Amino acid sequence: MVKSTVRFPEEVLEIVQQHIDEGAFANKSEFQRFAVEFLLTQLEDEYEPLLEEFDEIRGEALGPTVPEATEYIDEADSSDFLRTAGRVRQCAVRGELETARELIDTRYPPSSPKAMLLDLIVEGATPNRARGE
């Protein structure tokens, strides 16, 4: 496996920790691996998860009554989402945080998984100097 460091806002990790405490995931690494693989299964028709326990974790974490993520992804053309994600990241890298967040807010409701993902993109792409680090 390849090691990858990912930075998340503290609020996101608190929510992840709640799911770990509830037993849906063994640890943060398992959550992150599952999240990436799950998103890839939704975006790529041919993608087969490499995480051995993928189906088991999916069943435990999402349960049978959770709507398929494709319902959320299909609400807007995926190419539109990808264009928005590219523009949001570009603004964040350039330090135009207000513009990046405005793009997110005008295109998706705050509870949308797409908005949450784009918020993470902003946090991950923001230059350290703009975040005060």
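This is a predicted model: local features need pLDDT of at least 70, side-chain atom pairs count only at pLDDT 80 or more; totals for chains, interfaces and linings use all residues.

I began with E30 and asked for its contacts, meaning heavy atoms within 4.5 Å; leaving aside residues up to four places away in sequence, E30 touches A24, F25 and I57. E30 is found in helix α2, which covers residues 28-43, where helices (H or I, at least four residues) and strands (E, at least two) are DSSP runs numbered from the N terminus. Is E30 buried or exposed? I take buried as under 20% relative accessible area, exposed as over 50% and partly exposed as in between, with a 1.4 Å probe and protein chains only; E30 counts as buried because its relative accessibility is 14%.

Residues are numbered from 1 along each chain as its sequence is written, and side-chain values use heavy atoms, with hydrogens and water left out.

For the overall layout, I found seven helices and zero strands in the chain. Buried residues make up 26% of its 133 residues. Of the contacts between residues at least 6 apart in sequence, 51% join residues at least 24 apart.

I then turned to the nonpolar cores, each a set of buried Ala, Val, Leu, Ile, Met, Phe, Trp, Tyr and Cys residues joined through side-chain atoms within 4.5 Å. The largest of them has 14 residues, and those with the most contacts inside it include V88, I104, L118 and V122. Helices α5 (78-93), α6 (97-107) and α7 (113-125) each supply at least two residues of this core, and α5 gives the largest share, five residues. I looked up L118 in particular: not counting residues up to four places away in sequence, L118 touches F81, T84, A85, V88, I104 and Y108. A second, separate core has nine residues, F25, F34, F38 and L51 among them.

How do α6 and α7 lie relative to each other? Their axes come within 10 Å and cross at roughly 170°, the axes being lines fitted to C-alpha atoms, for helices over the stretch in contact, with angles running from 0 to 180 degrees between N-to-C directions. The two helices are therefore roughly antiparallel, a label that applies to angles over 145 degrees. On the α6 side L97, A100, R101 and I104 meet A115, L118, D119, V122 and E123 of α7. L97, in helix α6, is buried, with a relative accessible area of 16%, and its C-alpha is 7.5 Å from that of V122, 25 residues away in sequence.

My last search was for salt bridges, defined as a side-chain nitrogen of Lys or Arg within 4 Å of a carboxyl oxygen of Asp or Glu, and the count came to one. The side chains of E123 and R101 form it, at 3.1 Å from N to O. This pair links distant parts of the chain, with E123 in helix α7 and R101 in helix α6, 22 residues apart. E123 counts as partly exposed at 24% relative accessibility, and R101 counts as partly exposed at 35%.

Notes: Angles under 35 degrees count as roughly parallel, over 145 as roughly antiparallel, 65 to 115 as roughly perpendicular and the rest as oblique.
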